[in-house]
Amino acid sequence: MEKDLMDDLFASDVRFSKIDLEEADVSFLVKFPFPMNDQSIFEKLYKETIWQHEKVVVWGKSHLQPRLTAWYGDPGRSYTYSNTVMYPLPWTNLLLSLRRELENLLEINFNSVLLNLYRNQDDRMGFHSDNEPSLGPEPAIASLSYGATRTLLFKHKRRRDLPTKHVKLTSGSLLLMKGDTQRNWNHGINKETQICGPRLNLTFRNIVK
Ligand SMILES: O=C(O)CCC(=O)C(=O)O
Ligand SMILES: [Fe+2]
């Protein structure tokens, strides 16, 4: 049998598990099927991405973000993220292939991707929700992780009775957030207390306006 055909047959064995989160729609797939190993994907993305170290203003004071970022997408779609306007770089072959695989698997279209590089245990992302108007009312966001495992935390925006949810994002995994998730929950990545190597995260999004 042709290798590509074999890959496709294995690729069809995709079992998402639902993350137990009220007033949200979050699911997780341990292994995103893609015809390249996770280590090679990590290395290629790490090397060929044009990384930026963006500034953010917190309480009126300018800081460098505690991670590196890059924004790729269809031309003509700028995006405001953490008070920064980002202009997309053109798709690389690898990013476009990842996008196509995701679109086929999920039957959802994406026109842009934000890449985050957490260089070590100190890099992090503050609690936020991806609820920018440009993403539409119930955005579907597909998140791929490569490299070191980091924990994504979910905190409900209003309900104190609901506990913080911890989701370990292992290398090669896919997390899909959709429906009312962004309306009701914030998510973020804390520093790690243990030493940890670099991690790459890609969030595929669809900018509607
Ligand atoms: O690194 C992650 O898993 C989270 C990324 C994220 O929340 C974002 O890019 O909006
Ligand atoms: Fe996010």
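Tutor: Trp59 is exposed, with 5 other C-beta atoms within 10 Å. Here exposed means 12 or fewer such neighbours, buried means 20 or more, and partly exposed lies in between, with C-beta atoms placed from the backbone. This is a predicted model: local features need pLDDT of at least 70, side-chain atom pairs count only at pLDDT 80 or more, and totals for chains, interfaces and linings use all residues. Residues are numbered from 1 along each chain as its sequence is written, while chains are lettered from A and ligands numbered from 1 in the order in which they are written.

Student: Where is Trp59 found?

Tutor: Trp59 is not a glycine, although its phi is positive, about 50 degrees. Its place is the loop between strand E3 (55-58) and strand E4 (61-64). Strands are DSSP runs of E with at least two residues, helices are runs of H or I with at least four, and both are numbered from the N terminus. The location is therefore the E3-E4 loop.

Student: Is Glu107 buried or exposed?

Tutor: Glu107 sits in the loop between H3 and E8. Its phi is also positive, near 55 degrees. It has 7 C-beta neighbours inside 10 Å, so Glu107 counts as exposed.

Student: Which strands each supply at least two residues of the shell around ligand 1?

Tutor: The residues surrounding ligand 1 include Leu114, Asn116, His187, Ile189, Asn201 and Thr203. A residue is near a molecule if its C-beta atom, placed from the backbone, lies within 6 Å of it. The strands are E8 (112-118), E14 (185-189) and E15 (199-205).

Student: What radius of gyration does the chain have?

Tutor: The radius is taken over C-alpha atoms, and the globule rule is 2.2 Å times the number of residues to the power 0.38. For 209 residues, a compact globule would come near 17 Å. The chain agrees, at 17 Å.
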